[in-house]
There are 2 protein chains.
Amino acid sequence: MGDSASPFSFTLQAVDPHTAARAGRFRTPHGDITTPAFMPVGTQATVKALTPEDLEALGAQIILSNTYHLFLRPGAHVIAKLGGLHRFMHWDHPILTDSGGFQVFSLAHLRRLDEDGVTFRSHIDGSEQRLTPERVIEAEEQLGADVIMCFDECVGHPATPATARDAMERTHRWAERCRRAQTRQDQALFGIVQGGVYQNLRLESAATITALDFPGYAIGGVSVGESKEECWQAVETVAPLLPTYKPRYLMGVGSPEDLVDGVARGIDLFDCVLPTRIARNGTVFTDAGRVTLTRGALREQEAPIDPTCDCYTCSHFSAAYVHHLFKAEELLAYRLASIHNLRYMARLAGRMRQAIFLGEFAAFSETFLSTYRVADESTRQQQREKRLAAWTAIRARLDGAAGAAGTAASEGPGTRRRDPIRGNAVA
Amino acid sequence: MGDSASPFSFTLQAVDPHTAARAGRFRTPHGDITTPAFMPVGTQATVKALTPEDLEALGAQIILSNTYHLFLRPGAHVIAKLGGLHRFMHWDHPILTDSGGFQVFSLAHLRRLDEDGVTFRSHIDGSEQRLTPERVIEAEEQLGADVIMCFDECVGHPATPATARDAMERTHRWAERCRRAQTRQDQALFGIVQGGVYQNLRLESAATITALDFPGYAIGGVSVGESKEECWQAVETVAPLLPTYKPRYLMGVGSPEDLVDGVARGIDLFDCVLPTRIARNGTVFTDAGRVTLTRGALREQEAPIDPTCDCYTCSHFSAAYVHHLFKAEELLAYRLASIHNLRYMARLAGRMRQAIFLGEFAAFSETFLSTYRVADESTRQQQREKRLAAWTAIRARLDGAAGAAGTAASEGPGTRRRDPIRGNAVA
């Protein structure tokens, strides 16, 4: 990075004197990203319910899409033929594609791992598929995102030290292969640090991955079932070992309180389905914590969901109207709530950035965390258990389908049953 | 109309020399409507999946909402308290509210009709509700639409001559009561002609209703299961008896070919859920007829759905992208297809208007109908039978609920089962 021939650069603009928080500017071929930044998730080449114009208006700077999903449908080669992902989804700003490692290892059915790659059945039609580090990089080059991720092996939690080491070492070997496979110079390939909850593995992984000299680094293998404490311990172990002048991305983490906690530990980039998923379930963020839109108290509330918010939803609609849309199960509900939550995340990132410039991040963080009522650990674990139960159900159905056209994809959008791949409950 | 004290006026601007087609301008407190016009349906104070800005951008001049639905949820008094329907849904252009006669008589459960009104169970929670002509007008005044409809009794098809006469005569008595109940002068109350498929009844109804001197007239009791021929026969019987200088509205009719056929018979205003409903099921209009977006031929089509269309969807996305969204069952799919179909209807109305000004409507109509491949009668009847079966299922469930909280409303948005009240399949 900083190489004058590269279309990428990361400029560190301010560092907080009391924490590890940093403010920066990440230059990419499709524009600059000011950090810290939250990246809305558009798994299937669409941030659920929103147009690119909605995303621009709410201040999204970069969005995330998923190689695993697009590889299966419509196919990376189809998107390449149609001019690449930016053109396909009509989004002319930066995009990051996750490699699909997380999906292959946590969702893909009947997977068979070998040193060269992984063979699995598509969750869509049960067809046999194979991904290797080289094939993933080829697909990411066909998609053409600005930032692409290495193909890693992401283990769940809990995992034994031996399992975690095995996956970490394979991730390291695959990272080298990804690096060698890359041919496009207009995409920044980020390395991923693994190692689970084991400090010695995290230290080893950070050293090995940074030695490969990637233009940016991610901390993976978090948000897979471990406690918050274990997650932050891993971040505190790894972040100080990452190069100061390259962007740092904490994968799959992104509730409001997580953003604040992550920035304090030196993270620049975040992504998470949470803001859009809970929006579709009728829950929105405010500085006081989450608000459930279907509660009766909002039925006649003329004020917007959040009077301090400048989003499209809060600028034009009463809380009573959004409440009505959720009670009536109208499609517009999902869009209005998603806009609010993503705008909330963009504003939160902006407020933290400003606090860092002013040297006041510690005070901001303290104030924020003292007033924001977080979802407690037991709620988080319950949500996770529900998702796991749903995955098990989908796998059982695919077992039934046994290689024939699967049935997972035939669930309608918005079936009550939770669908772990496409989102929760309503979409 | 034309009364200088009235905020309403209808100006006839052009009449086709060869057909009954007319072009006009209908002035209302929230703006002018150039006719012929198609009114998108926003049953529950939202045109499914779209914002008011989407509707403005696609050229919608007036939208329709439904008193029956809003009376039950969130309550007309709630909307009144929040400043009326325009403010509630953030739509500052004309609105027409249907009275709910059609819903009460075709959808409402366990209804008991008497001369004064009708008692029924809510399809939402099974609670007992009562509507009379006076109560409907009160609700329509609380909602505050620009155009409000009389509370009528709409019989289905087939109906015996005695049943049709009975309902028609009650509709006439109720029309007088609606007229007397009206207190607001900034709303135009339209009379509704009934009479089913019986020409003598249609003639009698047109004479009786026009004698009440309403500022506009609707032809009701069509699109209830009769054949297209019977529908157009009713229109041909009634339209010539309606005052030339007042707007004419054909209720619940609005496929592209119906718009052309209706305009040729002197109709100015149309509404129908068809364009948005079939959009959500992945079917769009083009001048060649309907196109199914999920068909494989579109998988790699770089051209838009309709290269002649100027809508947001066709201006920014390939057919391949919209195809992908439908295959992936993404929420954005329903929005993009709805925008296209409503823009198609707005453009079709505009093209007819221009043809009328040019005296070329007959030629336009002939060309259009010779190239537009219509859904055949058997398809129409099959669709209707499916809807009727779904209604029966919902009624059966309400019978089970027997006055307790009903179960119809607990169906998620987008359950595969068709929901006749809120829309089809996906929303």
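**Chain A and its interface with chain B**

Me: How many helices and strands does the secondary structure of chain A come to?
Reply: This is a predicted model, in which local features need pLDDT of at least 70, side-chain atom pairs count only at pLDDT 80 or more, and totals for chains, interfaces and linings use all residues. Residues are numbered from 1 along each chain as its sequence is written, chains are lettered from A and ligands numbered from 1 in the order in which they are written, and side-chain values use heavy atoms, with hydrogens and water left out. Helices (H or I, at least four residues) and strands (E, at least two) are DSSP runs, numbered from the N terminus. For chain A the secondary structure comes to 16 helices and 16 strands.

Me: What share of the residues of chain A count as buried?
Reply: A residue is buried at under 20% relative accessible area, exposed at over 50% and partly exposed in between (1.4 Å probe, protein chains only). Among the 427 residues of chain A, the buried share is 63%.

Me: How many salt bridges does the rule find across the interface of chain B and chain A?
Reply: The rule asks for a side-chain nitrogen of Lys or Arg within 4 Å of a carboxyl oxygen of Asp or Glu. B:K81 and A:E300 form a salt bridge, with their closest N and O atoms 2.4 Å apart. Across the interface of chain B and chain A, the number of salt bridges is eight.

Me: Which element gives the most to the side of chain B that touches chain A?
Reply: Elements of chain B that give two or more residues to this side include α1 (52–57), α13 (319–327) and α14 (331–357). With five residues, the element that gives the most is α13(B).
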